[in-house]
Amino acid sequence: MAYRFHPRSPLDANLRRIAGEQIEKAIRDLTDEAGDRHEGVHEARKRMKKLRGLLRLVRSGAPGFTARENVRFRDAARLLSGVRDRTALIEALDGLEQRFEGEVATESFAVVRTALELKREAAQAALDAEGSHTAETVAALEEGRAAVESFRLPAKRQDTVLRRSLRANYARAVADLELAQASGEAAAFHDLRKRVKYLSMHLKLLEPAWPEALAPLRAEAEQAGDELGRDHDYSVLRAEMAADPESFGARADLDVVLALLDRHQSELRASAVRRCERLLQEKPKAFAKRLQSLLALSADEPSEAAPPEPPEAARRRAES
C-alpha cells in the first residue's frame with residue numbers, strides 16, 4: 001500500500017511496514033549503480049523526510065524512540081545534502097526566471113546562475129575528496145530498520161497515541177502560522193513549512209480513511225509546503241548573495257535578481273498563508289479526533305485484510 005496506513009492494522013504495525021518499505025527503497029536509491037547518482041540521492045533524502053513525518057505519529061507514546069530515530073534519519077540525510085542543496089538554489093533561480101519570463105528581459109539570471117554552478121562544482125569536488133558518504137548513510141538506514149522492526153506500542157494506547165500525535169503537529173502548525181504572520185521572519189516561515197509538510201504526510205498516510213475528502217486536503221497542504229519551500233530557497237539564496245556579492249557578478253545584475261526575488265517571495269508567502277489559513281481552521285483537538293475516528297470507521301468497512309509485514313522483517317526479528 002506504499003506510504004499509506006491500512007485502517008485494519010494497528011498503529012505500530014503500520015509504522016513498521018511503512019518505515020521498512022521506505023528504508024528498503026532509500027537503500028536501493030543509494031546503491032543502484034545503474035541509476036543516476038544525483039537523482040538517487042535526491043530520492044533517498046525525500047524518503048528520509050517521509051520517515052521523519054511517519055515517526056511523529058507515535059511521538060506522544062514513544063518520545064524517546066521518536067527523538068532517537070528522528071535524529072538518525074535527519075543526520076543521515078544531512079550527509080548527502082551538500083550538492084543537493086546547491087542544486088536547489090539553481091532550481092530556485094530557474095523558477096524565478098520562469099516566473100518573470102516574457103515580463104522582464106535581462107541577462108542577469110545567466111550571470112547569477114553561472115556563479116551558482118561554480119559553487120555547486122566546488123561542493124561536488126569537496127564531496128568527492130572526502131567520499132560520498134553513501135556507505136555511512138546506508139549503515140544508518142540499516143540501523144534504523146532494525147530499530148523500527150522492534151517497535152511496539154501497548155494495544156490499548158494506540159488510538160490515543162495517534163490522536164495526541166496528530167493534535168501536537170497540527171497545534172504546532174497553527175502556532176507557527178500565527179508567528180510567521182506576526183513576525184514576517186524567514187525562520188518563522190521555515191518552521192511553518194516543516195509543520196505543513198508533516199501535515200501533508202499525515203493526510204497522505206491517513207488518506208485511505210476517506211480518500212474523497214482527504215486527498216484534496218493533502219494536495220492543498222503539499223502545495224503550501226512547496227510554496228514555503230521555494231520561499232526558503234529564496235531566503236537562503238538572498239543570504240548567500242549578501243554574504244559574498246562579488247562572486248555573483250556586477251552589482252547591477254545582482255540588484256535585478258534581488259528585486260525580482262523579493263517580488264516573487266511576497267507572492268509565494270501570500271499564497272501559502274491563504275492555503276494554511278484554510279487548512280488550519282479547526283481546533284487541533286477536533287482535527288485529530290476527526291481523523292482518528294475516520295480511520296476507525298473505515299476499518300469497519302468490508303475490505304481486504306490488513307497486509308502482512310514483509311517476510312524479511314519477520315526473518316530478521318527471528319535472527320536477532
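**Burial, salt bridges and cores**

Analyst: Glu240 counts as buried, because its relative accessibility is 16% and buried means under 20%. The model is a predicted one, and the values discussed here are computed from it.

User: What makes the pair Glu240 and Arg86 a salt bridge?

Analyst: The side chains of Glu240 and Arg86 meet with an N to O distance of 2.4 Å, and the criterion asks for a side-chain nitrogen of Lys or Arg within 4 Å of a carboxyl oxygen of Asp or Glu, so the pair qualifies as a salt bridge.

User: Why does that pair tie together parts that are 154 residues apart in sequence?

Analyst: Glu240 belongs to helix H9 (residues 211-243), whereas Arg86 belongs to helix H4 (residues 81-99), and the pair therefore ties together parts with that separation of 154 residues.

User: How do you know that Asp262 and Arg238 form a salt bridge, and in which helices do they lie?

Analyst: The closest N and O atoms of Asp262 and Arg238 are 2.3 Å apart, and because the limit is 4 Å, the pair is a salt bridge. Asp262 lies in helix H10 (residues 251-279) and Arg238 in helix H9, so the pair ties together parts that are 24 residues apart in sequence. Asp262, at 38% relative accessibility, counts as partly exposed, and so does Arg238, at 26%.

User: Where do Asp255 and Arg251 lie?

Analyst: Both lie in helix H10, four residues apart, which is about one turn of the helix, and their closest N and O atoms are 2.9 Å apart in a salt bridge.

User: Which residues have the most contacts inside the largest nonpolar core?

Analyst: They are Phe5 and Met48, in a core of 63 residues, to which helix H8 (residues 186-206) gives the largest share, ten residues. Leaving aside neighbours within four places in sequence, Met48 is in contact with Phe73, Ala76, Ala77, Leu80, Thr137 and Leu141.

Methods: Residues numbered from 1 in each chain as written. Predicted model: local features only at pLDDT ≥ 70, side-chain atom pairs only at ≥ 80, totals over all residues. Heavy atoms only, no water. Core = buried A, V, L, I, M, F, W, Y, C linked by side-chain atoms within 4.5 Å. Buried < 20%, exposed > 50% of the residue type's maximum accessible area, 1.4 Å probe, protein only. Helix = DSSP H or I, 4+ residues; strand = E, 2+ residues; numbered from the N terminus. Contact = heavy atoms within 4.5 Å.
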